[in-house]
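Hi there,

Here is the structure I said I would pass on.

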Amino acid sequence: MKEIIDIVAAYEIAVKEGKKTALATVVLVEGSAYRRAGARMLITEDGQLTGAISGGCLEGDALRKARMVIMQQEPLLVTYDTMDDDDAKLGVGLGCNGIIHILIEPVNDHKINPIILLKAAITARDNAVLVTLFSLEDRKAPQPGSCLYLTNDQILPNGLAILPYKNELLEDAKNALNSRRSVIRAYQGYTAFVECVKPLISLVILGAGNDAIPLTRMAAILGWNITVVDGRPNYASVERFPSAQKLVIAKPEKVLENLEVNEWTAFVLMTHNYNYEIAFMKDLLPVNPSYIGILGPRKKLERMLDELEENGSVITERNLETIHGPVGLDIGSETAEEIALSIIAEIKAVFTKRNGRSLKYKTTLIHSI
């Protein structure tokens, strides 16, 4: 999602500067590659690149082809076969072992274009589906490209109405939305990359001490929505937390009134104020957020949960599953920056349902599509 945000921002700058652009999207990967389907890159006519479709080895050639697409205003499907030992024809040693299909689309000033669909995905508060349609069988055939954006509440078609298989494609998009999984589908000589795009993680940090600063900086790099909460206005300030989208200065019982909580919201409690945190936890537990991280030793958490139960709070199995204390992955963190890294990594692992182990021990594919 951070890549999409950067691409949309770069496109808006290009429009202001009167520059023509093209969007390159990895639509299908056979075998292994540095980037998977869904990786994107915006190319301006003067050669500025935003995003990435590889580790840097394909961008140069894609730039040349994108300029041709901008000039001709016709989408182009490009294939790079990195399983071919003769990598010299690409001018690079790719070091991968796969076939990468990239669709390059001109971005024009039509009412709905590929960037409009990406922009809609950024603002979605829930899962969304983007459909990119292309022809592998006949590369000279029309390449429809970005043809659909879909959520439970909104649909943005882009040329979908003229497709003879539109109903079948729309049904597959709805299924991908419900299953929350990206898929590849075939229709009458065309292939669709039906991509499930997950919304941004919203990180709520309770506590505006110095150790919260590196946590907000790292979350900002990932493009997460960041809220910093504290009862002290001189701590929770824009000067100290320029990366935060929102600052909340409130007593613990008033905090949730200022927040919009959904399944993509993560809470990290690091106020170093036990009474503030236990008062907040009393209101937070019934909300059942997907992640609650609590800084401090395990004994602190156990004491907190015991006191909450003694005072009438009901702590469910769901609560216990989502509470992470001590917070973070075990990577030997000592400094505030290292602790922030372990917290960010744990949150990412929880929301992607991964275990945080080293990839060297993984026996299945890293990516399912």
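Let me begin with a pocket. The second largest pocket has a lining of 20 residues, and Pro-75, Gln-143, Pro-144, Ser-146 and Asn-158 are the ones nearest its centre. Its volume is about 410 Å³. Strands S5 (97-107) and S7 (145-150) each give at least two residues to that lining. By class the lining has 10 nonpolar, eight polar and two charged residues.

Before the rest, a word on what you are looking at. This is a predicted model, with local features needing pLDDT of at least 70 and side-chain atom pairs counting only at pLDDT 80 or more, while totals for chains, interfaces and linings use all residues. Residues are numbered from 1 along each chain as its sequence is written, and side-chain values use heavy atoms, leaving out hydrogens and water.

Pockets and cavities come from a 1 Å grid over the protein atoms alone: a cavity is a set of points where a 1.4 Å probe fits but cannot get out, a pocket is an open set with protein on both sides within 12 Å along at least five of seven lines, and lining residues have an atom within 4 Å of a point. Grid points are joined across faces, edges and corners, and a volume is the space filled by probe spheres set on the points. In the classes, Ala, Val, Leu, Ile, Met, Phe, Trp, Tyr, Cys and Pro are nonpolar, Asp, Glu, Lys and Arg are charged, and the others, Gly among them, are polar. Helices (H or I, at least four residues) and strands (E, at least two) are DSSP runs numbered from the N terminus.

On to the cavities. By class, it has seven nonpolar, three polar and one charged residues.

H3 also packs against another helix. The axes of H1 (residues 2-16) and H3 (residues 114-123) come within 9 Å and cross at roughly 130° (axes are lines fitted to C-alpha atoms, for helices over the stretch in contact, and angles run from 0 to 180 degrees between N-to-C directions). That makes H1 oblique to H3 (under 35 degrees is roughly parallel, over 145 roughly antiparallel, 65 to 115 roughly perpendicular, and the rest oblique). Among the H1 residues that meet H3 are Ile-4, Val-8 and Tyr-11, where contact means heavy atoms within 4.5 Å. By class, this contact has eight nonpolar, no polar and two charged residues.

What about H6 (residues 274-284) and H7 (residues 298-310)? They pack at an angle of about 50°, with their axes 10 Å apart, and are therefore oblique to each other. Their contact has five nonpolar, no polar and five charged residues.

Finally, two backbone details. Most residues other than glycine have a negative phi, and most peptide bonds are trans. Arg-180, in the loop between helix H4 (166-179) and strand S9 (183-187), has a positive phi near 60°. Gly-325 and Pro-326 are joined by a cis peptide bond, with omega about 0°. Pro-326 sits in the loop between strand S16 (323-324) and helix H9 (336-351).

Cheers
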